[in-house]
Structures are given as structure tokens and as C-alpha cells.
Amino acid sequence: MDAIDVIRAKRDRTGLTGEQIDWAVDAYTRGAIAEEQMAALAMAILLNGMTRTEVSRWTDAMIRSGERMDWSALDRPTTDKHSTGGVGDKITLPLAPVVAACGAAVPQLSGRGLGHTGGTLDKLESIPGWRASLSTGEMLDVLTGTGAVVCAAGGGLAPADRKLYALRDVTGTVESIPLIASSIMSKKIAEGTGALVLDVKVGSGAFMKTVADARELAETMVGIGTDHGLRTVALLTAMDRPLGRAVGNAVEVAESVEVLAGAGPSDVVELTVALAREMLAAAGLADGKDPADALQDGSAMDVWRRMISAQGGDPDAALPVANEAHEVTAPSSGVLTRLDAYGVGVAAWRLGAGRARKEDPVSFGAGIICHAKPGDTVTEGQPLLTLHADEPSRFDRALESLDGAFEITESGTPDLHPLIIDRIA
Ligand code: URA
């Protein structure tokens, strides 16, 4: 095989054979294809796309570049969720325990945040003592003991994806739908879950800005899952405004605990319950306990407490609080018709809740509390947002990104996506 032939085949749209795909992914992972050659191939894929056969084979080759986890020793079916990421998206925190409380096991390998979207591990690490890195044996122990584990992916999982993602990041090829879909699905299939629900976010705060792009990504991922014998369902969900009221790390843990206590913002509860029902149905447990009941009767909270303790965390410890707060008040009275997810996400990032580079630390206490959500009536001077940061010098830049991010009109209805836009199976 020759890298140039593979690049030309994709450039000239003659299609890649299975052997070419297997060879290219393996040779790149071993260092036998140069970075500039894989960059050219990734750009040809971005420009010319991939067929379903090609993208499934590409995903398969990425899975085979590393280990594949196996949870067959568990006495319950496994099911997991992946979100494409958004602002205030803390859903994994209540979701994993609620699904475990309803009888499935959730083996979730999760990531850290980059840019304006947060990462589940960053949020959980704000709990004093909680540890993200577990060996496979420790993961199995936590899963057996509690029914849910959320931890960092080890280096052995889809190493081809890690290398390729770093290259895509510096070559303008992150946006390719087949490359995004194969990247996400290779890690989720290698994780060994028996069923998967995808939360594909749509809107300014999401990777996919339009319903059409989100649908294409969801259909591609569902196709890959199905081709690999994984029961896969996707929900397209709104990310044109922040999810819930809290955006940051510790503030999102606190909001998740409210949901686990049977309260919390209605959109977080609704999405948690909808995703939990899909996860349970995909695992063959549609007729068991309902997730809404598990949030009300304390059983999801019990799993949460055991899951946090099993990973060294203290579920009763006080969460970190930022040193400084700044209030943004409503400039006029009326209806809040817009609260832009991207503007709020960038502001939280600039306050210190997120990172610009992979190696940057995050501030656990930094973030934003949204006191009003689109559709709410507000009165001039009332608090709209509270910004939290460790250093007051961060407020000016955060406020810049909130400039134009919200709108109050005398009367009116917000023009928003429904929380759950569509379901793709
Ligand atoms: N998340 C991933 O894991 N991969 C991508 O390519 C994009 C988002």
C-alpha cells in the first residue's frame, strides 16, 4: 500500500477500499504514514465525505488500534450516553446514577472540557477527593458496587483517534462529519457498552449550529453503531440557550445534586429523564422502574453518593466557591427573549471555568448562575446573571462576551428550539 494512492483515491472520489482504510489507520498509528500525508487525507475526507461503508470501516480500524473493554462479567446490561457538548450540560451527573438506580450499569469514559464547552471530569473533580483515573479493575469494582462509573479514558483506548484528533485540530479538519462521528463512536464502542444514546446538541453553544448538520451527524453515528451491533439511538436537543441555570464546575455539581434530590431546573430534569428512558429502553429495561420515580424516591441519590465515595470523593464536602462575584442586572423590564448559549459559555470560560489548551488548569469555583431563563418576565434592576471568578480581573473580558448575548423585550416570545427536537434511531 502507498499513502499517496489512498490520498488520491479520496481526492478523486473513487472511494476507499476496506483494505486501504485498515492500512491507512494502522500505518498512521504506527508512525508509518507521515503527519502531512494524514493531513492531506483528512482534508480530502472533509471535502469529499465518506460513504456509510467507509465511515464504519474507518471506525472499526480506529477501535482495533487499541484495547476494547468487556463488561460481560456484570450481572446487568450496560448502557451509556454521549453528548456532543454544550453550555451547562451537566446531564451525565444525575443521569448515570438514575439509570443505575433503574437496573442498568453505566460504564462511562468521559473527557475534560476545551473552549466554551465544559467537561464532565472537570465538574466531578470539583468534589474534594474525587479521582478521575481508574484502572479497568477499579472501574469494574465501582460498577459492580454501585452500578455506575464515570472516569477518564485510559491511553489504550482508540490511540489512532487521539493522534488523528490532535492533527485535525491544527489542520482545519475537525469539522468533518465522518471524522467527528468515527472519532466519537470508536471511543464509545471500544468502551464496551451494550447500548448507546447520543445527545446531539444543536445551536449557538453546540458543535453543530443547525438542525440539518446535527441530523447528519446523528444519522452517521447511529449508522456506525448499528453496523457494529450496538443498539444506538440519538436525540437532537437544544443548545441555543444554556441548559439549567448553572454554568461552570462546582456550580453544576450543586445543580445536579438538586436534581438528584428531586428538585432542580425543569429542563435539566426533563432531559435527564428522557435520556434515561432511552438508555434503559436500549438496554432492554423499558418496563422496569421509571427514572422520574428514581429521582423522587432517593434511589438515584443513593447511587450518586456511593459512586462519588467509591472514587475517593466526599459527597458531603463543601464544594469550592470562587473568591469574587459580580452581578449583571436587567437593564429594562419585560420578557427575556434570548440568552445565548455561546455568549454565556465563553463568559464562563473567561471566568476560569474552562481551558484554552489541554494542559491548562480550571477554576472549580468559577462560573455563572443564570437567574432568569428565556421566557421569564424580568424587572429592571433585578439580577440576571451572577458571575463567579477567583480574580476580579477576569470580569471585564467575561462581560465583553455577554455583550449582545441577551435580549429583553416589552412583550414577546423567545424563538427557541424545543428542548428535544427529534429522535433518530
Ligand atoms: N469529540 C470527539 O471525541 N471527536 C471529535 O472529532 C469531535 C468531538
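This is a predicted model: local features need pLDDT of at least 70, side-chain atom pairs count only at pLDDT 80 or more; totals for chains, interfaces and linings use all residues.
**View 1. A salt bridge between K10 and E54 links distant parts of the chain.** In this view the side chains of K10 and E54 form a salt bridge, with the closest N and O atoms 3.1 Å apart. K10 belongs to helix α1, which spans residues 3–11, while E54 belongs to helix α4, which spans residues 52–64, and the two partners are 44 residues apart. K10 has a relative accessible area of 5% and is therefore buried, and E54, at 4% relative accessibility, likewise counts as buried.

**View 2. E138 and R131 pair in a salt bridge.** The N to O distance between the side chains of E138 and R131 is 3.3 Å. E138 counts as partly exposed because its relative accessibility is 30%, a value that lies between the limits of 20% for buried and 50% for exposed residues. R131 also counts as partly exposed, with a relative accessibility of 37%.

**View 3. R241 and D240 meet in a salt bridge.** The side chains of R241 and D240 come together with an N to O distance of 2.8 Å, and both R241 and D240 are buried.

**View 4. D22, R57, D60 and R64 belong to one network of salt bridges.** Here the salt bridges share partners, and through these shared partners D22, R57, D60 and R64 are joined into one network. Across the whole structure, a search finds 29 salt bridges.

Terms used
Residues are numbered from 1 along each chain as its sequence is written. Side-chain values use heavy atoms; hydrogens and water are left out. A salt bridge is a side-chain nitrogen of Lys or Arg within 4 Å of a carboxyl oxygen of Asp or Glu. Helices (H or I, at least four residues) and strands (E, at least two) are DSSP runs, numbered from the N terminus. Buried means under 20% relative accessible area, exposed over 50%, partly exposed in between (1.4 Å probe, protein chains only).
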